[in-house]
Amino acid sequence: MHSLRMLALIAGAWLLNTSVQAQETISNLPRKETLIVENPEGTIKNAGWFNIWVVNAGGVSTGLQQLGMDTFWYIDADKGVDGVWDNSLAAEKPIYNDDFTEMTVKLRKGLYWSDGVEFTADDVVYTIETHLKTDGLQWGPSIKLNVASIAAPDAYTVVFKLKKPNSRFHALFTVRWNAMWMMPKHIFEKAGDPLKFAFNPPVTLGPYTLKSFDPNGGWFIWQRRDDWQRTSVGRFGKPGPTYVAYIDPGPPDKRVILQLNHQLDIIHDTSPEGMFTLAKQSKSSHGWFKGFPYAHTDPTLPAVLFNDELAKFKNPDVRWALALLIDIKAVSLASYRGAATISAIGVPPTGNYPEYYFKPLQGWLKDFELDTGKRKIKPYDATIGQQIADMLRPSMGDQIPKSPDEIAAAFGMGWWKRDPQAAQELLEKAGFSKKGDQWMMPDGQPFSIKLMVEGDTRPMMTRAGTIIVQEWRQFGIDAKIDVAQGTMDQRRVAGDFDALILWSVETWGGHPDLSFFLDSWHSQFVAPPGQPQPPRNWQRWSSPELDKIIEKIRTIGFDDPQGIELGKDYVKLVVKEMPTIPLMSYNVFTVMDNTYWTGFPNAETDPYTDPVPNWANTKYMMSKLKPVQ
């Protein structure tokens, strides 16, 4: 029996004297029964705090939301274990009345908290009423905005009365990355102030309970419940690992070393270079894709987000000109060393979205015309994904896929042709002029852009921003990188930027509905200059045509086929208007080691869930993992 000696050196050999008493240290766990996972949050400062309902109080990716929490529904970012949608605590999909002012939830019977108390409608009512009357809870604002009242006609039914029609209210209780988790009434009602209650040890609804943790926040150990059958994932079989340890393994090079020594089963994310090292040196390590580009394509869309309230970006011709100055192949190489999945449209090329949006719109994109003021051009090049693959094949060889479908899945489809002449014509059409080597705005001031990036905390995006700024500068625009190390969140909310590399598009991935992000783009949520912008329309763009699309989506059911058609209308609109410049999906170099465990998801043969280990959906992975004999 192997022990986790290397892990012990990293995590320390502390015996715990906190509320959860450790009977043994991490190094005593049987290796063949233990899954070791990187906690992407690193070391947790407030390690003993497990009250996930309080804003920013403790860690959540410690296994707490992945293994301990549960809610009504999950939508997988990929294919799902048994389809994209899963009824988790709920026995069936949400039931709305005709005008979407009431939502009924039928609960699954036979589910129990880890202390043996049955989960019932009483827990749901308590959770909602606590959020209605308590300021400072994570999901309080959404509950107060939407819920007029809640009632439980019986132990397994809850009825939400809504303040206004909302056909997407269930999204609050549907996990994409997380969602509103249920609280154990029998614990919290005796705890006093819910804002001051640490919930240590946490009583769980998931298939694991907390065994022990490092009071200094370096590691958290979860143990499979003896009664795992009485949890919502029990339907899919016994979770494979007896223990799951979430640890802070240190910087990317340390993560690589640990996995090379088979002491880190899942790396949450590493650098492209780290991934290449593991692919070359470890036969047991693999990413989401078997070969290049390896990384999992998360359902988010990194883009150049303009501050569209600024006068210099209000004209779509200007935004289009800046797009046509970008060489996406160079951006792919600079950011991900070529391991990027590009997107020319306003949705990420992930999950089922190639089938919902990319493939159906290829003909429209090829025919799309842009009027430069002097001529009409067709800016879309459907072959750019193929070009990137061909560009990498001499150095990467057989790791680069050859079939068009595999290339599209790995590298994306098309993007916009780099066309400096068209960019010049578009700027001139918008009233800009060039004096010497410098472009001037219509008011006679130099055309300057500060492109904000996060710096070392998100190096791939920083490298993308750097190459884009270089391309703009070569054209005569006074462009500079603006490194917002540690201040990105505050500045994007405040609107304190010209443009930034980030995302304002987050989708379900597996489900075509776009309201997860799109509803927040309605003009009613656009803050005036100087006021904080609520998520997720960081570009502060509004359009009467977009409002009509959003308002129509609000009136139809979540699974209504009209939703895809309205989604296509949104895609076409943002192609025409270019409020942001879509670049690529956010690719995460999650690396899994098959030395001790098999059954990890992958793109080619079993894309049953997102493998990125801080996603709450990864609870489903536990039921698929099996020990290597």
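Biologist: How many helices and strands are there in the chain?

Modeller: There are 19 helices and 29 strands in the chain, where helices (H or I, at least four residues) and strands (E, at least two) are DSSP runs, numbered from the N terminus. This is a predicted model, in which local features need pLDDT of at least 70 and side-chain atom pairs count only at pLDDT 80 or more, while totals for chains, interfaces and linings use all residues. Residues are numbered from 1 along each chain as its sequence is written, and side-chain values use heavy atoms, with hydrogens and water left out.

Biologist: What share of the 629 residues is buried?

Modeller: Buried residues make up 61% of the 629 residues in the chain, and buried means under 20% relative accessible area, with exposed over 50% and partly exposed in between (1.4 Å probe, protein chains only).

Biologist: And along the principal axes, what does the C-alpha trace span?

Modeller: The C-alpha trace spans about 75 × 60 × 40 Å along its principal axes.

Biologist: Switching to H3, which of its residues are buried?

Modeller: In H3, the buried residues are Ala121, Asp123, Val124, Val125, Tyr126, Thr127, Ile128, Thr130 and His131. What covers them includes helix H4 (140–146), strand E6 (147–154), strand E7 (157–162) and helix H5 (185–188).

Biologist: How do E6 and E7 run, parallel or antiparallel?

Modeller: E6 and E7 run antiparallel and are joined by 5 bridges, where two strands pair if DSSP finds at least two bridges between them. A hairpin through 2 residues connects E6 to E7, and Val147 stands opposite Leu162 in E7.

Biologist: Now Trp416, is that one buried or exposed?

Modeller: Trp416, which lies in strand E19 (residues 415–416), counts as buried because its relative accessible area is 1%.

Biologist: What is Trp416 in contact with?

Modeller: Leaving aside neighbours within four places in sequence, Trp416 is in contact with residues including Trp320, Leu324, Phe368, Tyr380, Val575 and Met578, contact meaning heavy atoms within 4.5 Å. Ala344 is also one of the residues in contact with Trp416, and the side chain of Trp416 reaches the backbone oxygen of Ala344 at 3.4 Å.

Biologist: Last one: why does Asp86 count as buried?

Modeller: Asp86 counts as buried because its relative accessibility is 9%. Asp86 lies in strand E3 (residues 85–87) and, not counting residues up to four places away in sequence, touches Phe72, Trp73, Tyr74, Arg235, Phe236 and Tyr620.

Methods: A polar contact is a pair of N or O atoms within 3.5 Å; within protein, one must be able to donate a hydrogen and the other to accept it, and residues adjacent in sequence count only if both atoms are side-chain atoms.
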